[in-house]
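Please work through the exercises below with the sequence and the 3D structure at hand. Each task is followed by a solution in steps.

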There are 2 protein chains.
Amino acid sequence: MAQTANPVFLRPVAEPEADTGKAITFSTPLALDCGRTLSPFTIAYMTYGTLNAARSNAILVCHALTGDQFAASRHPITGKPGWWDIMVGPGKAIDTDRFFVICSNVIGGCMGSTGPASTDPKTGKPYALDFPVVTIRDMVRAQAMLLDALGIEKLLCVTGGSMGGMQVLQWAASFPDRVATAMPLATAARHSAQNIAFHEVGRQAIMADPDWNGGQYYERAHPAKGLAVARMAAHITYLSEAALQRKFGRELQDRDQISFGFGADFQVESYLHHQGMTFVDRFDANSYLYITRAMDYFDLAGDYKGVLADAFRDTKARFCLISFTSDWLFPTPENKRVAHALNATAANVSFVEIESDKGHDAFLLDEPQMLATVRGFLNAAAAENGIA
Amino acid sequence: MAQTANPVFLRPVAEPEADTGKAITFSTPLALDCGRTLSPFTIAYMTYGTLNAARSNAILVCHALTGDQFAASRHPITGKPGWWDIMVGPGKAIDTDRFFVICSNVIGGCMGSTGPASTDPKTGKPYALDFPVVTIRDMVRAQAMLLDALGIEKLLCVTGGSMGGMQVLQWAASFPDRVATAMPLATAARHSAQNIAFHEVGRQAIMADPDWNGGQYYERAHPAKGLAVARMAAHITYLSEAALQRKFGRELQDRDQISFGFGADFQVESYLHHQGMTFVDRFDANSYLYITRAMDYFDLAGDYKGVLADAFRDTKARFCLISFTSDWLFPTPENKRVAHALNATAANVSFVEIESDKGHDAFLLDEPQMLATVRGFLNAAAAENGIA
């Protein structure tokens, strides 16, 4: 494997110049669940803090569907703070003065890790839909190879929300000896019918855009309209009804009365348009197809003849599960299912449902009870593992 | 005004031949909330049962967003039973052996009433986006003119679910002397931020389709892909998460294992595709824009300086409000808001929340408690109004 510059492919770096991170290209093939292999492949990642001499203070942060490795540093395309800036940093709940935090872009992503926009070595052109359909387990396998390369045998903690939480659960199942503690937030051990349905609407919106062109668009106009519609639909599911009502209600945008037209009369419409438009500047439509598919395919119990507890039979990790009362995308009962499966294996598990009206996105926001829970759990993990 | 044949515009009539209904074209202009007038305009409608000599047994059934006048008879395009066949018919809860039921296609619709696909008399071509943006109140005004034409001064009952329920509330507010009883189901006195957001996603999906062409598509390919995506997104909101999980779960469609591709692996995907594809055969994309907009604009209290109770200050109607526990699109609290406003005016109101896991669509389905409630309420209304 070789250290390479991170090939952020979509846009020039925002000013002021941001850290575009690191990347490792592996010559060892990555064996995928679909039966194919990926070789060579690149994992783009960021680290925050310092690995201690015992190599025992590493925390892997796993990102969600549209996240990336820029958890705690300025995003090189948007120039915005990292997606978990509230959580990760010096003195924060995931304290980079104490812990060495790694966050890598998932396989299938579009921020430097190998994905559908990457060059297919067989053709010299972007994979597009020739890229293999990857799974959450494939993402985790690739992360494990990254940790090998970084010389990290065991994680003090693996954490993440939403799809990040799926990866956390998969880590505990696939690599039970490499995980001291696991902290999944706002997640599920399987994607529900409603979750799959919303994802399929997004994919159909992308594939309905003539600019998608069967996935072959890298040298021409991207399917921006379709991707924007997909993002808008998804974005509604990230917020609670109460949060939308509180933030926007029926307030009008820059006008005193309704226009009797189809422009953005309501603030909530204007907000959705903005979400759609800014998303297409930083995300690849084919990556959206692949990553949503990985989430749809996730059904951890399915790999264990339907018995979720069996996924955790070898784990020695201490777990902390966090859900949010108003999250209707990954609601508390789905998180509780995981807790019950862990209970059935006599695993060490605590479960916290946090009162919040902010919906699924609560895990990304300033929720004091969440931040306190994470801080407390990591303090205990550090003490138990002899970390100062 | 003149009796005309109902110009169902989309497709030939299904076999066996269905009743395509009646239509009246009015030469009196319809004054609209936007300040424009519509003239001439046509209302297409169906009637079921017989008007009694006293003209006192008429029930107006108002349809929802994608409904039409075919409440209790075979649909002329799809050949399927009427959308409220479970409710309306001889011996049913809305008993056409006793009551005279009228159901008309809303203004802005596409099943014969004047809408964006109708010919603009100024140009001789379809209105398309030159059609005025109509409101729920405009729909109700047009229905009142239909009742005038049919010689019906007062309704024994006005009823309907979802957007139909909005019309019911508007009837009670706009024509308090013409409504003896009102029975809105699964509705709200205002469209919420989340409701508007979902509608905007659907509109953006339609308008992103190049075949939409600024609304000018009547003589060429219709924006079928965009309309199908809009329908798929909306359809998810009509069902509860529990209903989707129970009906489909993670069951695969015609295969033993996942395909590692982007086809319809899951039954829920196949179901959504079917919903999208069949919808475009019977619905006009521009009508979808106009009718969703009418719903978004609906805020009954807004016409009364924000005091919802004032909308009902002149009503003498007896009300029966029905909501469903798992309806997250028009949840019980929105229905209760209406009940509270009616209570504040000392109106005669009963409110029933029905236990159902079927989501918003419950009002269209075989819910025994709903059917019993409707039957009981109409029995009482009939007795009070001297109807056998």
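This is a predicted model: local features need pLDDT of at least 70, side-chain atom pairs count only at pLDDT 80 or more; totals for chains, interfaces and linings use all residues.

Residues are numbered from 1 along each chain as its sequence is written, and chains are lettered from A in the order in which they are written.

**Exercise 1.** Determine how helix 6 of chain A and helix 3 of chain B pack.

Step 1. The axes of helix 6 (residues 267-280) of chain A and helix 3 (residues 193-208) of chain B lie 9 Å apart, at an angle of about 50°.

Step 2. On the side of helix 6 of chain A, the contact is made by A:Val268, A:Glu269 and A:Leu272, and on the side of helix 3 of chain B by B:Ala193, B:Ile196, B:Ala197 and B:Glu200 (C-beta atoms, placed from the backbone, within 7 Å).

Step 3. These contact residues divide into five nonpolar, no polar and two charged, with Ala, Val, Leu and Ile among those counted as nonpolar and Glu among the charged.

**Exercise 2.** Which peptide bond of chain A is cis, from A:Ser39 to which residue?

Step 1. The cis bond runs from A:Ser39 to A:Pro40, with omega near -10°.

Step 2. A:Pro40 is found in the loop between strand 4 (37-38) and strand 5 (41-48) of chain A.

How values were computed: Axes are lines fitted to C-alpha atoms, for helices over the stretch in contact, and angles run from 0 to 180 degrees between N-to-C directions. Helices (H or I, at least four residues) and strands (E, at least two) are DSSP runs, numbered from the N terminus. Two residues are in contact if their C-beta atoms, placed from the backbone, lie within 7 Å.
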